[in-house]
Every structure is written in C-alpha cells, then in structure tokens.
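Here is a short report on how two protein chains meet. Look over the sequence and structure first.

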Amino acid sequence: MKTIVEGKLRAIDLSMGWAGPLLGELLAEMGVEVIKIEDTLHFDWWRGSLSMGPPEMQVIERSAPFNTANRGKIGATLDLTSPRGIEIVKRLVATADILIENYSPDVMPKLGLAWGTLAPLNPRLVMISMPSFGAEGPERNARGYGNTIEAVAGVTGLVGYHDGGQPYTLSNALGDPSAGLNGLFAVLVGLREREDTGRGQHIELAQVEGVVPFVAEAILEAQLTGQVPKPRGNRHPQHAPHGIYRCGSGFIALAADSDEQWRELAVVLGLESLANDSRFATTPERKRNEDALDAELSRALKDLGADETSRKLIDAGLIAGQVHSAADILGDAQLSARGFFVPVERAVVGTHLYPGVAEHFSETPLVADRPAPLLGEHNRKVFGEILRMSDAEIEALERDKIIGTLPRQFTTPKAA
Amino acid sequence: MRYSSLRNTYVVDLTHHIAGPYATRLLAEVGADVIKVEPPWGEGARKAGPHRPEQTNGDRGGRFAFLNTNKLGVTLNLKHQRGVELFMKLLDGADLLIENFAPGTLEKLGLASEDLLKRFPKLSVISISNFGADGPDRDAHLNDLTLFARGGWTYPVGEPDREPLTPPGSLAQYIGGLFGAIAAMQSMLARDLTLGYGQHVDVALLEAAALTMIYEPVGFQYSGVVRERAGKRFAVGPFMIVTLKCQDGYAGVQCVTDKQFENLCELMGKPELITDDRFKTALQRYVNNDALLAIVEEFFLQHDRKWLHREGQARAIPLVGIPNVAELLEWEQLTSRKYFETIDDPVLGRIRIPGAPLRMGSHRPEPSRPAPRLGEHNREIFGGRLGLNDRELTDLKTAGII
C-alpha cells in the first residue's frame with residue numbers, strides 16, 4: 001500500500017528531546033523524507049550522557065526514548081557552530097518543504113538560521129518553531145522541559161489525592177507529546193494553506209499554549225463557579241465508586257455511573273451484601289458515604305487478581321481496567337489484538353517492540369517500524385545523493401570534523 | 001481566535017462529548033467551515049458543566065461553550081429517513097465527515113463509511129472511538145479513569161505505598177481529539193498528493209494514550225526495570241525532577257544536566273556540593289538521590305514560588321512555581337501574548353477561553369464566534385445552502401426532523 005506522502009515531501013529536523021523529534025517521527029510515518037541533523041558535539045541530548053559508559057559501550061546508541069522518537073528518520077551530522085555547517089543546513093533547507101526546530105527563541109537567529117534569512121532561500125518553506133513559552137513575553141527565555149510546561153499550564157496543580165497532600169507531576173512529561181502532536185497539526189495546516197496560496201510561512205507553537213486547552217474545563221469552572229478546582233484524586237465529582245484499588249499484586253481502576261451499574265458491579269464481584277446496603281443504594285448516598293464505600297471495596301478487592309477481575313467486569317459491560325505497569329501494557333489484550341506494538345530491529349540494541357499508531361488509514365497506513373538512525377548514519381546519502389557533493393568534498397568535511405559518526409569528544413583530543 | 005488557513009475545507013461534524021468536538025474545534029479554529037450536526041434534542045454533553053450557580057436554564061454548559069466555538073450548528077434527526085436524505089445533501093462537497101459514535105453506529109444509521117466513500121469520492125471519514133473499530137474490547141465501556149490506567153499513564157504517579165493517581169480531567173480525550181484533527185489533515189493531504197480520493201481513518205483513544213506514554217514499554221524492554229511510583233519525584237534517576245513544598249505553595253524543578261545541577265547548587269548557596277563525592281556525577285546523583293532530595297527539600301521550604309521561579313530561571317534552571325488555574329488566567333506570559341480570548345457567550349455571558357495552540361505567521365486571526373445555539377444555523381444551512389423553502393423548513397420542524 002502507499003503512504004500518505006510517498007516521499008514527495010522533505011523535512012529537515014533540527015530538534016532535540018521529545019517534542020520536536022516526535023513531530024519529525026510522525027511525519028516520517030506518513031512517508032515524508034525526514035532528515036535529522038545533529039551536531040557531533042551537541043548531539044540530541046535524549047541520546048543520553050557520554051559519562052554513563054566507555055566509548056566502546058556506544059551509550060548514545062542505547063537510549064530507549066531516542067530510539068523511539070526518531071524512528072524512520074535519515075540521520076546526518078553537521079557542526080552547527082561552524083559557518084560551513086550552517087551553509088550546508090541552508091542548502092538542505094532550500095530543498096525542503098518543512099523545517100522543525102525546538103530551541104529557545106534566540107538560538108536560530110544566533111546560528112544564522114532566522115526565518116527572515118531562510119524564507120528568501122525557499123518561499124514555499126513551512127517552518128515551525130516550538131519554544132517552551134513563546135518567542136515573546138516576559139518569560140520568553142525561561143527554561144522548561146515537558147514537566148515544566150505541564151506545571152505552568154495548570155495541569156500539575158490539579159493532580160493529587162482526594163484527601164489532601166501535595167501536587168504530582170504526570171508520568172509522561174505531557175508538554176512534550178502535546179507539543180509534538182500540536183506541532184504536527186500546525187505543519188499540516190501550513191501545508192494546506194500553501195496549496196492555496198503557493199507560499200510557506202513561519203508557525204510558532206509555544207509548548208505551554210498547546211497544553212492549556214487540556215484544562216479548559218477547570219479554567220471555566222474557576223470562572224463560572226468562583227471556586228478554584230482542587231485535585232480530586234481518583235474520585236469523580238458526581239459518581240461513586242470511581243477509584244483505584246489494590247488488587248492482588250497490582251491495582252484495578254473501576255467506576256459505576258448509575259445505581260444499576262453499581263448493583264451489577266457489586267454482584268459480579270460477589271458482594272451481594274453491598275449491593276443491598278442502604279448506605280450505597282443511590283448515587284447521592286454513595287457520594288456521601290464514599291469513604292466507607294472505598295473501604296469496603298478495598299477489603300473485597302485486595303486478595304483478587306487485577307487482570308481477571310477487570311476482565312470479568314469488562315465482560316459484564318462495566319467500567320474497569322487493570323492499572324498497567326510498563327511490563328503489563330505490552331500484554332494488553334486490545335492493544336495486542338490490534339497489533340499496536342511493532343517489532344523494530346535497530347543496530348547496537350537489537351529488536352524490541354515499539355508503540356505503533358493510533359490512526360488506522362484504510363488506504364495509506366502509517367509506517368512506524370523503521371529504526372532510528374545512528375549518529376551520522378546517512379551522511380553519505382544526505383550529502384552525496386541529496387546535495388550531490390563529491391566523495392572528495394564529503395571526505396574533506398569528515399576530515400575537518402564538520403560531519404562525523406562519533407561524538408566529537410571521542411575524535412578531538414582534549415586541549416592540554 | 002480563528003485563522004483562515006483552511007478556508008477551502010468543509011467539515012460535516014457528527015461528534016459529541018469531548019474527543020470528537022475537540023478535533024473539529026481545532027479545525028474550525030484554523031478556518032475550516034465546520035457544520036455541527038446535532039439531534040433535535042442536542043448532543044449528549046451540551047449541558048454538561050461547569051455552570052454558573054445561578055444558571056437554571058440555557059442550552060449549554062461551560063465545556064460545550066469552549067469545545068464548539070467557530071462552528072455552525074444545525075439539528076437533524078438521523079433516525080428519520082428524511083433526516084438521512086438531508087444529511088446526504090450536507091455531505092455533498094464535504095472534505096471530511098468526523099464522528100465519535102460507538103463503532104457500528106454509523107452502519108446502523110445507514111451511513112456506513114464504505115458506502116459514503118463510494119458515493120462521495122472526495123470525502124474522508126474520521127471515526128474516533130475508545131478502543132478502535134475492532135478487537136475484543138471494541139464494544140467495552142470505558143472512562144477517563146480506566147483509559148489512563150490501561151494506557152500506562154497512571155501506574156507511575158503517586159506515593160509508593162498508596163494507590164496510583166489518575167491524571168486530572170479528560171486529558172486523554174483531548175489528546176484523542178488532537179489525533180482526530182491530525183488524521184483529518186492527513187487524509188486530505190493523502191487525497192491531494194497521492195490518492196486522488198478520500199478514505200476512512202479509525203482513531204482509537206486507548207492507542208492515543210499508549211502512544212503518548214512512550215517511556216515505559218520501550219524503556220522496560222531495554223533495561224528490564226519497571227518505573228515505580230516515586231512520590232514527589234517524577235522518578236528516581238540521574239536527575240532531580242521533583243515537585244516540592246515551598247513557603248506559599250509548591251514549586252517544581254527539572255534538574256537534568258550537569259550544568260543545571262551546578263547552577264542549582266549555586267542557587268542554594270551550597271557550591272561545595274558540586275564537588276561532593278556523593279553528587280559529582282549524574283550516576284552518583286542517581287545513587288544518592290535521597291540525600292540530594294533532602295537538601296533541595298529543605299531549601300525550597302525557605303522561599304516562596306515567585307522567588308524560586310525568578311532566581312532559578314535567572315540561573316537557567318527549569319524551575320517554576322505551580323499555579324492554580326485562577327492564577328494561570330492572570331499569568332503575565334500568557335496575558336501579554338493575548339492568549340486567552342474573551343467570548344460573549346449567549347448563555348454563559350463573558351468567559352475567557354484558551355486560545356489556539358499555534359500561531360500562523362501568514363496572517364492575523366479574527367475573533368472567535370461563540371458556540372452555536374441548538375439549531376441556530378438551520379435556516380442558513382438548509383435554506384441558504386441546500387435551497388429548502390420556508391414551507392419545507394416548517395414541515396421538517398413539525399415532523400421533528402430539525
């Protein structure tokens with residue numbers, strides 16, 4: 001089957017970490033030719049730190065997050081601190097449809113790669129910049145990772161146990177995947193506008209501004225009710241039960257949103273006495289006696305198995321699910337049946353299962369099973385085939401350490 | 001705000017609740033012509049909260065008011081033959097049909113996507129559902145609590161000796177909606193660049209949740225280690241990513257690199273820690289994470305959010321105060337960028353809503369239109385665009401079709 005783009009578009013990906021690289025990876029899944037450029041000194045920091053092992057361990061080729069978020073890309077290196085490196089970036093950008101960067105706002109101008117410089121080289125270029133806080137405003141230069149973004153966007157303040165205590169950061173650095181996905185949407189909008197006008201443009205995606213809409217309901221609650229919402233833990237404002245309970249060696253999440261569902265749930269769990277308990281007969285009573293309800297459920301669930309119990313409840317048409325750890329999720333029945341995890345063979349680390357796709361196209365499936373590049377793996381392809389440099393030119397770049405396949409720390413002797 | 005980038009895009013919106021409406025909200029925000037089709041009694045979540053305490057009637061709650069700005073609203077009873085016929089006329093010329101019914105619902109209405117794609121070659125159909133269009137749990141019930149739990153987001157959050165904590169609100173629904181909007185754009189790109197015709201896209205919320213939680217499953221295979229709950233810390237690792245109590249609330253720091261660690265030591269007035277044997281390298285900071293945490297914890301307690309944020313950022317440390325949503329609305333970074341938009345909602349009055357996640361460089365956006373009243377654009381669409389006369393419109397109304 002064909003891909004969405006069939007290699008008819010090219011993207012240059014200068015980004016690092018997760019936000020920008022995820023955008024590049026999702027473009028690669030569509031069949032966009034994505035060229036990831038790394039500096040051999042300041043390579044993508046998600047590859048990890050060289051200090052974690054000796055050179056022969058190839059530590060930076062063993063990063064699970066890097067190898068996940070850069071699948072399907074063509075990997076090249078360039079010394080972005082040298083004028084020759086920057087000149088070559090510009091030549092690549094001139095051939096591209098899309099340029100991705102997620103530096104702080106001042107970096108691209110400092111590198112000599114400001115939009116004003118690039119646009120004349122390629123009027124059809126769609127460039128996306130993904131600063132944490134935005135290119136303007138008093139916090140434009142503030143530093144932030146995914147967790148930082150999530151915190152300032154109002155998410156963290158809403159995460160906590162129902163009986164008080166402190167706020168918690170989420171488990172997935174939400175700011176990053178949010179920015180990658182919002183960034184992909186933005187680029188696709190830019191490409192469609194280009195079909196209409198014939199011109200590219202510079203799109204700004206302030207990462208924090210992509211996360212705030214996710215808490216729109218809490219923002220409206222504060223305005224409409226005059227009450228600032230507090231963390232609710234695993235509880236629901238109207239319904240009970242709605243919680244997470246220890247269940248054997250794991251945890252189970254379950255909920256009932258009507259009296260009928262509650263009675264059915266109690267019966268399926270073999271708790272007929274609770275089904276008929278007057279303290280729990282109606283939704284308002286279950287909410288009023290929620291502590292007692294949770295205590296009863298905790299007692300009843302703690303010696304059962306999370307997987308079997310949630311399966312029993314799901315099969316009875318109720319709302320339940322095992323709380324999956326990293327190991328459990330690989331065995332999720334629904335994800336497995338849909339072939340969600342895909343095997344990918346990658347040099348240095350071998351074959352593992354990686355997350356596949358959440359969108360299933362009937363005609364142009366996304367392709368998520370190609371490996372992430374090694375540092376500088378495709379230098380010959382990018383500089384020889386795409387920019388048509390001669391072997392001698394490429395060798396000169398290697399000799400002058402403008403390009404390379406090893407971290408420059410390993411190839412340049414330290415100054416005495 | 002409303003950009004005009006998608007001025008040539010026509011979307012028929014058959015969505016309800018959160019994921020579907022968020023997908024079409026994103027498209028409407030960048031200029032797509034979005035017609036939201038509701039049953040004559042309104043979509044299921046029209047009246048969901050939040051509400052003003054004094055509000056006793058009206059056709060909407062706060063969530064609907066946010067999710068449906070910039071859309072045109074019509075009503076149509078699709079259980080009626082005449083309703084389906086009119087719906088087909090609406091689809092004529094559409095680029096996209098977006099829906100988030102339970103799988104199988106469109107077929108039951110006589111609107112199977114294969115038939116629609118045959119009849120309207122330009123059209124793509126985007127279906128957003130909890131588990132996807134097939135698989136053993138296709139028809140299972142699910143809510144945010146169980147979606148996050150199965151998708152892997154919940155397990156690593158909270159205290160080690162307590163139950164894990166679910167993320168707040170309906171984040172996974174919003175992320176599923178974002179995938180829906182992306183699928184819509186991708187299907188048009190495939191049509192215009194590669195195929196020449198539209199297609200069906202099956203978007204699953206469970207997969208969207210699992211896809212945005214990449215650390216765990218892959219990291220586990222590489223290392224054999226399952227990330228457990230680490231309380232106030234994101235994880236115990238060669239870094240210090242933690243949310244801590246300070247004088248007037250909480251603040252979060254994400255100290256990852258050697259340089260950030262050195263700067264944090266300077267900020268704490270403890271430069272001697274930089275060369276301390278316990279913390280000299282990332283690996284040692286991992287091994288002695290508890291000892292480092294105790295030092296940082298004590299330091300945070302002596303300062304307030306504003307001071308920590310300002311002084312931390314002055315030293316290039318990702319350190320921020322944790323705001324509540326009321327404080328978020330007044331945060332200077334967002335207000336100076338005019339991020340929040342004030343809407344004069346016909347029912348809720350003046351409300352401030354989050355703006356577009358993106359800023360197109362090519363043109364300035366216009367103000368948003370408030371979410372439509374139930375059937376607000378029936379006359380404009382059925383009369384104006386489909387050419388029905390007044391008597392036909394009255395008949396449809398009498399028959400309960402619009």
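## Confidence

This is a predicted model. The ipTM is 0.98 and the pTM 0.97.

Local features need pLDDT of at least 70, side-chain atom pairs count only at pLDDT 80 or more, and totals for chains, interfaces and linings use all residues of this predicted model. Residues are numbered from 1 along each chain as its sequence is written, chains are lettered from A and ligands numbered from 1 in the order written, and side-chain values use heavy atoms, with hydrogens and water left out.

## Interface extent

Contact here means heavy atoms within 4.5 Å. By that rule, 141 residues of chain A touch 143 residues of chain B. The two chains bury about 12500 Å² between them, and 66% of that lies on carbon and sulfur atoms. Buried area is the accessible area (1.4 Å probe) that two parts lose on being put together, summed over both. A:Phe185, A:Arg192 and A:Leu224 supply 7% of the area that chain A buries against chain B, more than any other three residues.

## Salt bridges

Chains A and B share 12 salt bridges, each a side-chain nitrogen of Lys or Arg within 4 Å of a carboxyl oxygen of Asp or Glu. A:Asp163 forms a salt bridge with B:Arg162. Their closest N and O atoms are 3.1 Å apart.
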